Amino acid sequence: MCGRAQYIDDMSLPRMLHGATVRSSVPRGRIVGIEFGPGIPWDEFVIVTATDIPGENEIALINHDWPCLAKDFINHPEEPIVLLAHADRHLLPKAVAAVRVQYEELPAVFTIEESERAETVVWGEDNVFKRFLLEKGDVDAAWAQADLIIEGEYRTGAQEHLYIENNGAIAQFTSAQGLTVWGSLQCPFYVHKSLVKLTGLPEEKVRIVQMETGGAFGGKEDYPSMIGAHAALLAMKAGRPVKIVYDRAEDMAATTKRHPSRTRHRTAVTRDGKLVGAEIEITLDGGAYSTLSSTVLSRATIHAGGPYYWPNIRVQAKAVATNCPPHGAFRGFGAPQSLFAIERHMDHIAESLGMAPEEVRRRNFLRPGLTTTTGQEIREALDLEKLTERALAESDYYAKRRQFARGNAESEMKKKGIGLATFLHGSGFTGSGERYLNSLVAMDITPEGKARVLVSSTEFGQGTNTILCQIAAEALGVDYEAVEMGPPDTSVVPNSGPTVASRTSMVVGKLVQSAAYGLKQTLLASELLAEEYTTEEFVTAARSYVAGHGALRAESRYNAPPGVFWDDDAYRGEAYAAYAWAVYVAEVTVDLTTCGVTVDDFVAVQEVGRVLNPVLAMGQIEGGVAQGIGWVLYENVVWRRGRMANNQMTNYIIPTSQDIPPIRVFFEEKPFGHGAYGAKGIGELPMDGPAPAILNAVAHATGKQFDAVPLLAEEMYRRMVVHEAEPEAPAL
Amino acid sequence: MARLLDVLRCELGLTGTKEGCGEGECGACSVLLNGELINSCLVPVAQADGAEIETVEGLGCDERLHAVQRAFLECGGAQCGMCTPGMLVATTHLLRKNPQPDLEAIREGLNGNLCRCTGYIRIFESVEKAARLSSEERG
């Protein structure tokens, strides 16, 4: 609030150099030479190439294919090849431009279809990073029970995170103290793991510290391992601290984005609107390296059936390679893509049946006792009908549907529409992810007697610090002011897992709660604290305990809730310990003069367990809805031979204060027994609903079907003014 | 020539003013130059010669927070904080010109300041609250 919060670019160290990256200008090829051109005092520069890497040339994630620096081969534009450092940051752009890399270009693939054809193989044997097959019931027999078979194809484009703070890191190395990397990041231990492998240093000689982080949204989940590695390599070679902070153009061109997708649906329905079978085929464009694509794909696969009961369903999913920078984590993590498809498809089904969109959904909602596509029984008191009724009432849906039908007949140039989307979002890591993470949380007492939360879960605007302190204070029975956060520093805090997957409140919060109980029990047992106490008495007792015993610390490790088991091999079971559920309604105006779509009103009703902090929760929903509006109506990544051509804020458009409708947020609260004080995940859910709700509203307004994200004015013009036909859905 | 933004951040150590895009789109570097709201990434420092510059650091601090800062804190108008300094400066500018802005005036007054976290709703509430607090302070 006073401008004193320290972000990475606000930090400076004595004798610090600035670093920059020489990147590939071709999408695919062999490096045949690197030339350091004239006019640059090269002897003043620290220069790093792949041969300077002491350990493995790899950004450690799931597979081992993502190099830290390209050595012989280039697989996408903007791939890092050479690192430069110099004290004068103004000299760096000239130096980067003076490095000439010669390539022998190789054929490349740029679209899902080119990759699928595999005439040019750019990854593995067939360009496929990962496949999933999810099957329930007997789909092949379901077609015979159908009165109607409805097909559709749905596409979504890449999306840039556009956190306002670009990626950045500072590294410092001394042989005595080892390596320290400060950065703008979500997951300190991801960076730690990657740097241990890259440098070959022992774990205790690598320390990662998160600075204030100016937005992330998944975009600082994997990439900080890359920029952190680059700063580290330069700092180790220079023997001086090195800072690398990207400018906007480099951040947009080189770092990760949301996976583009293509989803095909083929659905068997009865005349009374019962879903009897589905065949769904999902393909994600993963970019040049596998990075996190397999896990993004898994979430997309599991969410593909939406919040509906399918007696028979088959989901075939794959992530494929193309020669563009790797796509990565972005709020929603695959779910927005597959939920967009099913929720547009449900409106197609409704139209084919001559049934109202809300009615066909109602007839197929998951209910307690029914099973999801992965065979997970709904054991919570789920009531999607009630959520839907509330959303329809708050948005005045029925009256508006009638009113718009009348108004649109009279208005030639302005068409209004209202549409809905009903959806779910699994909280926490997918499948057995949380078991593998095996998160550890600790709490201790400061010398002043304050309770301190020790986690690697980070704050980047979503309210982690407030929520976790609030949970700890509630568990300890003390005022919020008596609790503080430990530093987000891997040398101080245990690994409570990455700050992703809407897991912080529910999973990490629960561990904070039990660690807090641990502290309290120790103090009660020591008899320094009586059963009934005030905050002051707690602080005094805690201070005395620490003075007498040296320290007080309690830990808590993850245990899966009972009955939650995921079978990795069969790809079945409890995919998530809990789901958040939502119904969103969008009201739009389509202006046939400008061909623009404006969202006039947005109602977001959700059930996310207990709402721990209403202001933060509303902020999460509103922010997610705004990003969803951006994705569906404004944000268009223009690709040229695998490179983002519009890598500037000037021509990659995100919503401004004038583009956002009233966003009316409502919560139905149903405490979840295994989350901290009843909480479930919340952060990603609001990204899932806006795109389908808005395009369903556009279909209602125009009578035309738009099945691709983003819907830009050009497409509206093509379809509504020059009346080009909608593309035919190819059969599966 | 150095940009006003670089002089503020690197030479004067006033790192509260942020760089988001370097091309005048995002407003993270907003400051007031002789009372006018400008993007300091687009202003060569020579143009600021003799001018009065107000940055977020000039608004108020800690125990003496400005009404605008208090309103953003109370209403959840800041999430990651990166757009916040520019947003606070732009709000101050708006309220000086229009002490009781309606929602349309707020939307327009902040349309040069991009926020990726909040969806703006809580920022609008913050500005409304800041207007109330400021008017109470004036009595």
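Predicted model: local features only at pLDDT ≥ 70, side-chain atom pairs only at ≥ 80, totals over all residues.

Biologist: Then what makes Asn34(B) count as exposed?

Modeller: Asn34(B) has 11 C-beta neighbours inside 10 Å. The cut-off is 12 or fewer, so Asn34(B) counts as exposed. Its place is in the loop between strands S1 (30-33) and S2 (36-39) of chain B, and it has a positive phi of about 50° although it is not a glycine.

Biologist: And Tyr677(A), buried or exposed?

Modeller: Buried: Tyr677(A) has 20 other C-beta atoms within 10 Å, and the label asks for 20 or more. Tyr677(A) also has a positive phi, near 45°, and is not a glycine. You'll find Tyr677(A) in the loop between S27 and helix H17 (685-688) of chain A.

Biologist: Why are H7(A) and H8(A) called roughly parallel?

Modeller: The axes of H7 (residues 293-303) and H8 (residues 335-353) of chain A cross at roughly 25° and come within 7 Å. Angles under 35 degrees count as roughly parallel, so H7(A) and H8(A) get that label. The crossing is right-handed.

Biologist: Which residues make that contact?

Modeller: On H7(A), Arg299(A), Ala300(A) and His303(A); on H8(A), Ala335(A), Gln337(A), Ser338(A) and Leu339(A). By class, the contact has 3 nonpolar, 3 polar and 1 charged.

Biologist: How do you know that the length of H5(B) is close to what is expected?

Modeller: H5(B) (residues 121-138) has 18 residues, and it reaches 26 Å from its first C-alpha to its last. Just after H5(B), Gly139(B) takes a positive phi of about 80°.

Biologist: What covers the buried residues of H5(B)?

Modeller: Those buried residues include Ile121(B), Phe124(B) and Ala131(B). The cover includes elements from both chains: H16 (614-633) and S27 (663-667) of chain A, together with H2 (67-75), H3 (84-97) and H4 (103-109) of chain B.

Biologist: How many residues of chain A are in contact with chain B?

Modeller: 36 residues of chain A, against 38 residues of chain B. On the chain A side, H16(A) gives the largest share, 7 residues. That side has 16 nonpolar, 13 polar and 7 charged residues.

Biologist: What makes the peptide bond from Val709(A) to Pro710(A) cis?

Modeller: Its omega is near 0°. Pro710(A) is in the loop between S28 (708-709) and H19 (713-720) of chain A.

Definitions and conventions: Residues numbered from 1 in each chain as written. Chains lettered and ligands numbered in written order. Axes fitted to C-alpha atoms, helices over the stretch in contact; angles between N-to-C directions. Helix = DSSP H or I, 4+ residues; strand = E, 2+ residues; numbered from the N terminus. Parallel < 35°, antiparallel > 145°, perpendicular 65-115°, else oblique. Left-handed = near helix turned anticlockwise from the far one by under 90°. Contact = placed C-beta atoms within 7 Å. Nonpolar A, V, L, I, M, F, W, Y, C, P; charged D, E, K, R; others polar. Expected span 1.5 Å × (residues − 1).
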